[in-house]
Amino acid sequence: MKLLFVLSLVAVACHAANAEERRSFPADFLFGCATAAYQVEGAWDEDGKGENIWDHMTHNRPTTIKDLSTGDIAADSYHNYKRDVEIMRELGLDAYRFSLSWSRILPTGFANEVNPKGIEYYNNFIDEMLKYGITPMITLYHWDLPQKLQELGGFVNPLIANWFEDYARVAYENFGDRVKHWITFNEPREICYEGYGGDRKAPMVNSTAVGTYLCAKNLVLSHANAYHAYNNDFKPTQGGQCGITISVNWFGPLTDSEEDQFAAEIRRQGEWGLYAEPIFSAEGGFPKEFTERVAAKSAEQGFPRSRLPTFTDEERAWVRGASDFFGVNHYTTFLVSATEHLDVAPVPSVIDDEGVGVYRPPEWPVSQSSWLVRAPNSIYNALTDLQKRYNNPAFYITENGWSIAPERDLIDDDRVAYYRAALESVLDSLDAGVNLKGYMAWSLLDNFEWLEGYTERFGLYNVDFEDPARTRTARKSAYVYKHIIKNRYIDHEYEPETLTMTIDEGH
Ligand code: GBH
């Protein structure tokens with residue numbers, strides 16, 4: 001009896017201690033998942049959709065994709081959107097971030113001809129989400145430029161700023177009565193550096209000297225046009241917000257030396273400052289030290305002017321402050337050195353302009369994607385840096401996730417470990433006062449991973465790509481994420497009892 005009493009006291013004390021230590025996510029914090037049109041929709045030429053640069057590249061240069069696959073069918077979300085919303089309800093999501101296919105809505109890219117079937121598909125999808133209280137968050141551009149616009153230069157033609165604004169207006173007009181979260185671009189770095197400066201994304205322009213920089217300037221101007229269009233002509237009646245998503249991985253110094261600290265800063269400026277600085281900094285324009293470095297390198301290389309363009313005063317003012325929130329896609333950390341592990345890169349190129357080396361300690365766990373490792377405090381380091389640098393704007397984490405091999409079973413414990421660590425880092429960021437409003441896991445379900453095809457799987461739900469029905473099945477990580485969303489804290493001990501998904505009441 002006495003022993004029992006003591007034991008129960010101990011239990012009460014432990015419980016109290018847990019409750020004290022237990023950190024919760026705010027009740028209004030938006031938990032969601034993200035996807036992108038080309039990666040999940042399929043139906044590449046159905047119901048009047050026009051060709052885009054990924055259709056074009058996968059069809060005309062099939063060997064650019066590791067497993068020779070395409071997004072022609074992908075997860076077939078075009079036909080399975082009701083099942084996708086059912087999955088969101090199973091997970092208990094507050095929000096869902098997805099992208100619109102520009103060429104499904106405007107088959108040639110231009111706004112003179114709107115495809116009614118494209119509008120209808122997104123209307124049905126949005127209404128299905130709203131029926132169950134799920135907040136839709138739309139990305140206007142996740143890498144699938146209409147092919148006709150690419151033939152006119154795509155993001156190196158300054159007229160892209162008009163074409164993009166026209167497209168954005170069509171989206172606001174048709175969906176803005178119900179959609180209150182707009183993201184203009186997903187990951188300018190990947191669009192500009194990988195698509196125009198290099199050859200790791202369509203359209204593989206590989207103009208290493210200037211491609212990235214021309215695109216960077218035109219892209220931030222396109223963003224600003226779409227932002228001001230919303231702000232002036234739609235926000236007053238629709239009342240939503242418009243922002244941009246930038247990939248912000250953390251680049252820390254390899255050692256405490258001044259050289260390494262400066263090297264890390266140059267890398268940050270070249271990788272994401274190029275896109276964030278013009279929009280979010282007090283001064284506007286491209287980042288200072290990086291601008292000086294490209295100017296110096298260009299001069300050494302015999303260019304009569306810097307390869308990095310400048311903004312006119314008018315352009316600078318138009319872009320500066322043109323965002324209601326900062327969307328962050330965060331995956332990993334790199335340690336930067338001024339003198340070691342130097343990258344081998346074409347001369348000239350962004351990587352050569354940065355002129356630094358990157359390194360990851362072998363003890364950091366590696367995913368199925370060679371670039372994606374689990375590093376300590378990764379989200380915290382990135383967000384607290386942005387918070388200080390840009391005067392703490394509103395943030396959303398719009399992507400964060402982990403890949404596994406296609407042959408793995410549903411028990412993805414490495415992904416569970418990644419998400420738990422990432423969400424602890426989110427709580428650390430909230431404790432540090434970061435104005436973070438939500439978190440979207442990448443991804444709701446397995447999908448077409450760009451040049452890697454279907455060889456890397458990011459889904460909380462497995463998709464059977466051999467099955468014409470593209471059956472979706474929850475992985476262990478789905479149960480764990482659901483538990484976190486429901487309870488608003490991270491229970492590191494939680495194990496799902498059975499792998500049987502159900503929809504909880506209220507969803
Ligand atoms: C995001 O990009 C994308 O928004 C999303 O569409 C994608 O599915 C997701 O991540 C997972 O990858 O080895 O040289 O080819 C994340 C940033 C930058 C990660 C480019 C992959 C490839 C470098 N990506 N990186 S390389």
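This is a predicted model: local features need pLDDT of at least 70, side-chain atom pairs count only at pLDDT 80 or more; totals for chains, interfaces and linings use all residues.
1. The space it takes is the largest pocket. There are 17 residues around the ligand, and those that come nearest are Gln 39, His 142, Glu 194, Arg 200 and Glu 449.

2. Next, look at the make-up of that shell. Its residues divide into 7 charged, 6 nonpolar and 4 polar. Helix 9, covering residues 188-197, gives the largest share of the shell, with 3 residues.

3. In the side chain of Glu 449, an N or O atom is 2.5 Å from an oxygen atom of the ligand. For Glu 187, a polar side-chain atom lies 2.9 Å from a ligand oxygen. Trp 442 has a side-chain N or O atom 3.3 Å from an oxygen atom of the ligand. As for cover, the ligand taken alone exposes 570 Å², and the protein buries 85% of that.

4. Now turn to the cavities. The count comes to 4 cavities of 30 Å³ or more, and the largest cavity has a volume of about 70 Å³. This largest cavity is lined by 13 residues, of which Val 40, Glu 41, Phe 98, Tyr 121 and Phe 125 are the closest to its centre.

5. Finally, see where that lining comes from. At least two residues each are supplied by helix 2 (37-40), helix 4 (77-91), strand 2 (95-99) and helix 6 (116-131). The lining of the largest cavity divides into 8 nonpolar, 3 polar and 2 charged residues.

How values were computed:
Residues are numbered from 1 along each chain as its sequence is written. Side-chain values use heavy atoms; hydrogens and water are left out. A residue is near a molecule or strand if one of its heavy atoms lies within 4 Å of it. A polar contact is a pair of N or O atoms within 3.5 Å; within protein, one must be able to donate a hydrogen and the other to accept it, and residues adjacent in sequence count only if both atoms are side-chain atoms. Accessible areas come from the Shrake-Rupley method with a 1.4 Å probe; for residues, only the protein chains shown count as cover. On a 1 Å grid over the protein atoms alone, a cavity is a set of points where a 1.4 Å probe fits but cannot get out, and a pocket is an open set with protein on both sides within 12 Å along at least five of seven lines; lining residues have an atom within 4 Å of a point. A molecule sits in a cavity or pocket if more than half of its atoms lie within 2 Å of its grid points. Helices (H or I, at least four residues) and strands (E, at least two) are DSSP runs, numbered from the N terminus. Ala, Val, Leu, Ile, Met, Phe, Trp, Tyr, Cys and Pro count as nonpolar, Asp, Glu, Lys and Arg as charged, and the others, Gly among them, as polar. Grid points are joined across faces, edges and corners, and a volume is the space filled by probe spheres set on the points.
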